[in-house]
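Here's a quick tour of a model, with the sequence and coordinates alongside. Have a look first, then read on.

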Amino acid sequence: MNIFYLLIGVSLFAALIFLGAFIWAVRDGQFDDNETPPRRMLFDDDNIEPEKQGDPIDK
Amino acid sequence: MENQKFYYDNKIVKYFILATIIWGVVAVLVGVLIALQLAFPAFNFGIEFTSFGRMRPLHTNAMIFAFVGNAIFAGVYYSLQKLLKARMFSDVLSKVHFWGWQLIIVLAAVTFTLGFTTSKEYAELEWPIDIMIAIVWIIFGWNMIGTILKRRVQHIYAAIWWYLASFLGVAILHVVNSFELPISLFKSYSIYAGAQDAVVQWWYGHNAVAFFLTTPFLGLMYYYLPKAAGRPIYSYRLSIIHFWSLIFLYMWAGPHHLLYQALPEWVQALGVTFSIMLIAPSWGGMINGLLTLRGAWDKVRDKAELKFMVVAVTAYGMSTFEGPMMSLRNVNQITHFTDWTIAHTHIAGMGWNGGIAFGMLYWMVPKLFRTKLYSEKLANTHFWIATLSILIYAIPLYWAAVTQWLMLREYTPEGFLAYPIFMETLTHILPMYTLRIVGGVMFLTGFLLMVFNLFKTMAAGKVEANELSEAPALVPKGARNPMTETIHRWMERKAVRFSIWVFVALFIGGAVEIIPMIFIKSNIPTIDAVTPYTPLELEGRDIYVKEGCYTCHSQVIRPFRWETDRYGEYSKIGEFVYDHPYQWGSRRTGPDLARTGYVSGPMYKNAAWHYNHFMDPRKLNDQSIMPNYAWFAKKDINLDLIPNKIRAMQTLGVPYPEGYDQLAVDDLIKQAEQIVADLLNSGIEIEPTKQMVAMIAYMHKMGGDIEPASTLNNDSHENGK
């Protein structure tokens, strides 16, 4: 039966590590560039017209 | 830096879009059929292949794996290439993935109709198809991770994290839940028994909702919603936070499907706690989706795709609030085993999954086919029909659930159950089942409008199978430099490393919950009086599984007075140790059957009653909605497989004596002849090898092994008979 306490303890410990890592990350300014990626994805359709085809490297 | 030219693979996206549309129609059609069957049993057509127990798994699996599955793949294959500026890793893998998945769907439709099923909800497919799913799923992941590795964009956009988590989550869940021991090509036994099987199954079942219906669709939301709105996602930071918290929390909530059932208390408490916590990360997604539209609501007015997405995200928010509420034990009393759950799943399925899929298709098909949508007006009509249909579907079922629950627990002033016969409560809510059909037919109508609209659009345009694009090559960054970059950036740059972290987070959740249940014997107090199934009973049980009886009948009695008075003594964990698989069920469209074998209990019926009831339930009760099972009297059981089955059970730990497989058939015939003699007393003639005899033996086995802890209930049992 005691193994429950052990396992729950271990998992709570793991959860606290995740939480700690996250708080550290925020305080440390880890998520600095939250601006470029969400904007860049809006402009990923600017493809080349078929006439101007060059030499594609993979097909 | 020099630009590299490359081609996007648009053809594979087109294939997945077509598959989504076609299977979607099939899934909704089967849904309408089973809705009809529940209100009008004549729609079972009296034949085994179309009876409710076989059609219901077909509906759920087609919805989840065929419609939603192909929508995920269409959305992923399109957005992944664009976001990473790279063609899919391998055209061969793409093709194998597509055709493999469609083959699985076709096989599923055939095998369910023929009655090959494991009976574990949303994992009903038998073992050969389970293996195919694992292979095709890994091919999908391989193709996706390969594409990420050869990408030309350093940053891995939010949507892709969700795709990766979905791949890993489903892979783990599917493998763990599908451990089964084959006894023939089309039949296997779950290696887990009883309560353990139930925990593993709902760990899977809950997380199938998480990692098949939620996380991939959140990924789609993070790509297609900003695209359709022309606005960046409201908070990129929020997307990071709610991603990590959601994948970590989801794994623990499974036991909320088994509250009040034969399960250790601590497992139930754990499931409830994590379910409540899930509100936060779930609402993170909803808030992020809705706030993305700030300043763009004028576009919502015009564009059907945005309308669908708004309803989808709203339905997601409602369902992820409702879900945790339903996992509270006092609320769960009402919602579990009633139509509440059905309403809940359809708000989520029609609203969230349907809405995102429709929105995505309306946006993507014109884009891919380089044309305009054939008719915006028709799309808007589809939107209004679909949205109304969700309400017309769900509200009657919520009403039905509460009504039925109130009736089931009502007592007369004298202390007897007011409605001791389950049928009385069902008859009362049947009009709601008719209304539900209206909702289903409306949803189907809207769906067909979309099919017409999209096919017209496709006909007007043309897909450029290989679309040219260019992007600078990616310069490898090498090891992490803590001075210049952040940990999260460093982790997400390496897709493999990122996957490992996701795996670790998921694995901790799963392992802690399941490992103790399997390896700690103290979880399952065995009861000496509980004996293994006789060969005939085992055969009956296999027929019970085959016909999908669990789709309407539970086999677990919760410790409420109104359940023990109606069905008998509440269920104990130790009663299920020989059940491979467990048959607790999740919905009571009919009464619980856990104690049909307890002779002095309220659920016991004699052999002749069962015979007549299987032949035509309406002969005994003209309001019954149960299908006829007249083929039980015609079809023989397969005696050749009996020794195999006994040996398989011995392998799984069921204590049959050594060499019993050779004696089993004789024992089976002996027991069958007793039942035949019993039936003959009532003037019914039948051969001992018919399926009917095995079913009656099983009905007379269930829950009969143990005496109730208290005999106080017996007074009201008289009333229940």
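Predicted model: local features only at pLDDT ≥ 70, side-chain atom pairs only at ≥ 80, totals over all residues.

## Ground rules and confidence

Residues are numbered from 1 along each chain as its sequence is written, while chains are lettered from A and ligands numbered from 1 in the order in which they are written.

For the model, ipTM is 0.73 and pTM is 0.89.

## Overall build

Chain B holds 25 helices and four strands. These are DSSP runs numbered from the N terminus, with helices being H or I of at least four residues and strands E of at least two.

Chain B has a radius of gyration of 27 Å, close to the 27 Å that the globule rule gives for 721 residues, so it is as compact as a globular protein of that length. The radius is taken over C-alpha atoms, and the rule is 2.2 Å times the number of residues to the power 0.38. Along the principal axes, the C-alpha atoms of chain B fill a box of roughly 90 × 55 × 45 Å.

## Two domains

Chain B splits into domain 1 (3–469 + 493–513) and domain 2 (535–720), with bounds from an automatic or database domain assignment. Their C-alpha centres lie 34 Å apart.

Across the boundary in chain B, 42 residues of domain 1 are in contact with 50 residues of domain 2. On the domain 1 side, α2 (52–84), β2 (180–184), β3 (187–190), α6 (194–229) and α15 (422–460) of chain B each supply at least two residues. α2(B) gives the most, with five residues.

## A helix pair

How do α13 (residues 339–368) and α14 (residues 376–408) of chain B pack, and at what angle? The angle is about 170°, with the axes 8 Å apart; axes are lines fitted to C-alpha atoms, for helices over the stretch in contact, and angles run from 0 to 180 degrees between N-to-C directions. α13(B) and α14(B) are therefore roughly antiparallel, the word for angles over 145 degrees.

Among the contact residues are B:Trp340 and B:Met350 of α13(B), and B:Ile390 and B:Leu397 of α14(B).

Definitions and conventions. Contact = placed C-beta atoms within 7 Å. Parallel < 35°, antiparallel > 145°, perpendicular 65-115°, else oblique.
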